[in-house]
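Please take a moment to look over the sequence and the model before reading on.

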Amino acid sequence: MTQFKKHKTSLNTTTMKVTKAFIIVATALVFVSCKTMQTANESTIETSIFEKLASLKNVVRIEKREAVSHFDENYEIWFQQPIDHNDLTKGTFKQRVFLGFENINKPVIVELRGYGIGSEKAGELANHYQANQLTIEHRYFNDSRPENIDWNTLTVENAAKDQNFIINEIKNVLYPDAKFVTTGISKGCQTTMAHRRYFPNTVDASVCYVGPLNYQREDPRVYSFLKSVGTKDDREKIKAFQNLCFENRQALLEMMKKVGQEKGFSWEFGVENAIDYTILEYSFAFWQWGTSVDSIPSGDVKVEELYKHLIDVVGYGFFEEQSVASLQPYFWAALTEQGIYGYETAPFKTYLNTEEIYKFDWAFPEGISKTYNLKPMQDIKTFLDTSAQDMLFIYGEYDSWSATAVELTEDASKRAVYKYINPKGSHTTRINSFKPETKQEIYTIIDGWLAE
């Protein structure tokens, strides 16, 4: 394992450069001496890549890790970034990046995570093209955060500037002649769209998976979608299950309390609200994840069966306190710039005694809230409608997030902007989800971008 870490020093600039160069070379030589089974040529190549990465101005730590997927080498890199790119006096934080290195002449697939990095392995595009992959963790997820977060600095603009700096640094030091393609899934798709809006020419193309483009904080298109998706019979079965849950609400509530005690779960907005939100979330989650209608319990069923199916579909991760804390950057972004949805209660007025939309205001960080800003998503829409080029969007027809999918203009194809919808597909839709002829059509478009 090779590691390099930069430290602050009071030495003058010349001494710092000499010290830095010595540390890099010394570390690299230690690494070479430990790799006794490699040829001299292989060691030289590895050392060269390590040196180049470690020499980058804002890299504060680098570690060579075990190779994964098809990559010849794999690096974890930490970049120092401004907390606010528009006000450098606010300090810095460290942002995590993974680089799966394959070849300097092959394309670089840039995975823009809307969340933290969950895997170092190659994604769909990097696998398909046996390409390099640069994976960038989103600011303020996992350990890519300052010790104390100023939530007002978590904006799509700051995130886009984070990503743009990293892409350019990696491009300049390793891949000056390679093609770069950004890609992202769900919130990562939103992140990819935002990066292209702010920096339309940094990369050669973008492939966006199953990402919403919301026009309001609680976008009402979601409600219309849930009233029309699938067949009428399917929707009636879903509604009947939700009704059955509300009819057995007290028993389900007691079961949730018991699970909370057993697993140490808690709900910041109270377990009473948690059971209601979970039942209301069911229809959205059902279509999002492509649940089978045949799995829905109906008729004279035990409450344990109701609870198991409800949690199998919805889970605990959207409302439970620890999970909400780890998702705090998501909720902040959704509630301030990127949009989310709410829950219609009118269909369940008999049980809830209200017709108000249930919202996610409770998910703001403690002691702070902010008015939703429409402008960032409207700017992205204008960009996509008028000047975006070489972008491809992938959606699942039945995915609830498709309710607010990107809508292309008639002239979009003239700018090489495309959209493909997988029939009956869910949020797990990828290029490989499509029929062979459609999959080939999609890859032919991407092939063209990489060949230009």
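A residue is called buried when its relative accessible area is under 20%, exposed when that area is over 50%, and partly exposed in between, as judged with a 1.4 Å probe and with protein chains only. Helices (H or I, at least four residues) and strands (E, at least two) are DSSP runs, numbered from the N terminus. This is a predicted model, in which local features need pLDDT of at least 70 and side-chain atom pairs count only at pLDDT 80 or more, while totals for chains, interfaces and linings use all residues. Residues are numbered from 1 along each chain as its sequence is written, and side-chain values use heavy atoms, with hydrogens and water left out.

With these terms in hand, we can begin with the chain as a whole. The protein chain holds 15 helices and ten strands, and of its 452 residues 55% are buried. A contact means heavy atoms within 4.5 Å, and among the contacts in the protein chain with a separation of 6 or more, 72% come from residues 24 or more positions apart. The chain exposes about 20,500 Å², of which carbon and sulfur atoms supply 49%; such accessible areas come from the Shrake-Rupley method with a 1.4 Å probe, and for residues only the protein chains shown count as cover.

Nine of the ten residues of strand β3 are buried, which leaves the strand mostly covered. Two strands are said to pair if DSSP finds at least two bridges between them. Strand β2 (residues 59-65) runs antiparallel to β3 and is joined to it by six bridges, with V59 standing opposite F79 of β3. Strand β4 (residues 92-101) is also antiparallel to β3, here with ten bridges, and W78 stands opposite R96 in β4.

From the strands we turn to the helices. Helix α12 (residues 328-338) is mostly covered, since eleven of its eleven residues are buried, and the cover over these buried residues includes α4 (156-174), α5, α11 (321-326) and α14. Just after α12, G339 takes a positive phi of about 85 degrees.

Helix α5 (residues 187-198) contains K187, which touches G114, Y115, H138, F141, Y330, A333 and Q338, not counting residues up to four places away in sequence.

Leaving aside neighbours within four places in sequence, Q190 is in contact with P212, N214 and Q338. I380 lies in helix α14 (residues 375-386) and is buried, with a relative accessible area of 2%. Although I380 and Q190 are 190 residues apart along the chain, their C-alpha atoms are separated by 9.4 Å.

A nonpolar core is a set of buried Ala, Val, Leu, Ile, Met, Phe, Trp, Tyr and Cys residues joined through side-chain atoms within 4.5 Å. The largest such core has 63 residues, and those with the most contacts inside it are F319 and F360. Helix α9 (271-288) is among the helices that each supply at least two residues of this core, and α9 gives the most, with eleven residues. Apart from this core lies another, of 27 residues, among them I77, L99, I170 and L174.

Charged pairs complete the tour. The whole structure has 28 salt bridges. One of them joins R221 to D219, with the closest N and O atoms 2.8 Å apart, and both R221 and D219 are buried. K257 forms another with E254, at 3.6 Å between the closest N and O atoms; K257 and E254 are separated by about one helical turn because they are three residues apart in helix α8. K257 counts as partly exposed, at 31% relative accessibility, and E254 likewise counts as partly exposed, at 39%.

Notes: Salt bridge = Lys/Arg side-chain N within 4 Å of Asp/Glu carboxyl O.
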